[in-house]
Amino acid sequence: MRPSSSPHVAIVGAGPAGSSAATFLAQQGARVTLLERNHFPRDKTCGDGCTPRTLWMLERLGLGELPAAEAAMVDSVYTISPGGVVLEIGIPTRLFGGKACAIPRQVLDERLVQRAVQSGAELREGVQVEGIERDAKGILLRCREGEPLRADVVLGCDGSPSVVRRALGAPDFPKHEGAFAVRAYYENVQLSHPRSMAFFWEEELLPAYGWIFPLPGGRANVGLGMRADQLAASGAKLPELMEKFCASPNVAKELAGARRIGKVKGHHLPFGSFARHTIFDRALLLGDAAGFVNPLTGEGIEFALESGAFAAEAVAEAVASGDFSARGLGGYGRRWETRFRTAFHLNRRLMRAFERPRLLDRIFRAADRSARVRDELIDILSGEATSISWRFLAAVVLGR
């Protein structure tokens, strides 16, 4: 992108999607204004898990070396099925080196936004965007305090629910295409598998599932998630289910002697299977605002980071063509659909399988017997699966 033709890109939200886009755009020579309603460091409710692909994206952004005091490295996945089938599967090196990690979003997001600023983006904290208007001159962002901001392009990276998404006229996510999750931090944790991301499917809590992710300094992120429509139909409250989860035998054993820090916090997770409204004249939606969340695992950081890279590439193409319309920015849709769409739809279907206790037990037993099934299962749990082989299905159905 030539400096003489640099657009002004306003990015609403300085989480992983916004900071990633800001970094790549600034490195291309764009003028970038990154608007964040809070002040860093700030917390973000999340599972804090970073997949192998997430670490690869962090390397692309220049954040490949995470200090041990900030990130707990993991190299395996530990799971317990509803019937008590236990698996520990190493993350293969073919998946971006076989390493993942857990890092509090308060730390990760600050590192990402610092990288964006180092690359040349302007960060404005404490700015609440209330709406946007489009006219012949470009985009006008109305803020709660201060003068409106004019830009050539706006990127909506303000999570779910998104002010930018609403202002652009995109529909809300249906209840069946989203979930709610809660998480809490614990200290003085002595995990049985401290280098594993642990997932638990407790039969009495299905279709909810839970996790324990290790954090540095003897801490852990403990959480539970459930599809929004199922939660509403059950009449249950996630904080109450969280208490039951933590009191269940498998989880209570892991948390013996640990102490909860602070409150249980919740957030909404829109599913990528409903990611259909992402490109507009002079505007794009990224990350959670676009619905880029794995329906099975709730993972969204890797998709947020990648969507930032895709948006930067699409803006560069729009600058080269002189066209900031939805058509001119269409390269964004082609990129994310090629990368995300198949995985989102597969994981939406797999989510239903993982809600059935007997089927889930059969999957885990098959994985316990077969290295081939384990290999596919780790792809699923790492978010890398785009298809399921007939061998996997046969092993589960036939019990071989």
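Residues 24 or more positions apart account for 73% of the contacts in the protein with a separation of 6 or more, where a contact means heavy atoms within 4.5 Å. This is a predicted model, in which local features need pLDDT of at least 70 and side-chain atom pairs count only at pLDDT 80 or more, while totals for chains, interfaces and linings use all residues. Residues are numbered from 1 along each chain as its sequence is written, and side-chain values use heavy atoms, with hydrogens and water left out.

**Overall build**

- The protein has 13 helices and 19 strands; helices (H or I, at least four residues) and strands (E, at least two) are DSSP runs numbered from the N terminus.
- The radius of gyration is 21 Å, close to the 21 Å that the globule rule gives for 400 residues, so the protein is as compact as a globular protein of that length. The radius is taken over C-alpha atoms, and the globule rule is 2.2 Å times the number of residues to the power 0.38.
- Along its principal axes, the C-alpha trace spans about 60 × 45 × 40 Å.
- Of the 400 residues, 59% are buried. Buried means under 20% relative accessible area, exposed over 50%, and partly exposed in between (1.4 Å probe, protein chains only).

**Strand pairing**

- Strands of a sheet pair through backbone hydrogen bonds, either parallel or antiparallel. Two strands pair here if DSSP finds at least two bridges between them.
- An open sheet of three strands runs in the order S3-S7-S4, with antiparallel pairing. Strand S3 (49-50) and strand S4 (72-74) are its edge strands, and each pairs on one side only.
- Two bridges link S3 to strand S7 (residues 100-102) in the antiparallel sense. Cys50 has Cys101 in S7 as its bridge partner.
- Strand S9 (residues 129-135) and strand S10 (residues 138-143) are antiparallel and share six bridges. The two strands S9 and S10 form a hairpin with two residues between them, and Ile132 stands opposite Leu141 in S10.

**Helix H11**

- Helix H11 (residues 357-369) has 13 residues and reaches 19 Å from its first C-alpha to its last, close to the 18 Å expected at 1.5 Å a residue. The expected span is 1.5 Å times one less than the number of residues.
- Its buried residues are Leu360, Asp361, Ile363, Phe364, Ala366 and Ala367.
- The cover over these buried residues of H11 includes strand S5 (76-80), strand S6 (86-90), H10, helix H12 (371-381) and helix H13 (390-398).

**Glu317 in H9**

- Glu317 lies in helix H9 (residues 301-321) and is partly exposed, with a relative accessible area of 33%.
- Not counting residues up to four places away in sequence, Glu317 touches Gly331 and Arg335.
- The side chains of Glu317 and Arg335 are joined by a polar contact of 2.6 Å. A polar contact is a pair of N or O atoms within 3.5 Å; within protein, one must be able to donate a hydrogen and the other to accept it, and residues adjacent in sequence count only if both atoms are side-chain atoms.

**Arg341 in H10**

- Arg341 is placed in helix H10 (residues 331-353) and counts as buried at 17% relative accessibility.
- Leaving aside neighbours within four places in sequence, Arg341 is in contact with Gly272, Ser273, Ala275, Arg276 and Trp336.
- Arg341 and Phe274 are 67 residues apart along the chain, and their C-alpha atoms are separated by 9.7 Å.
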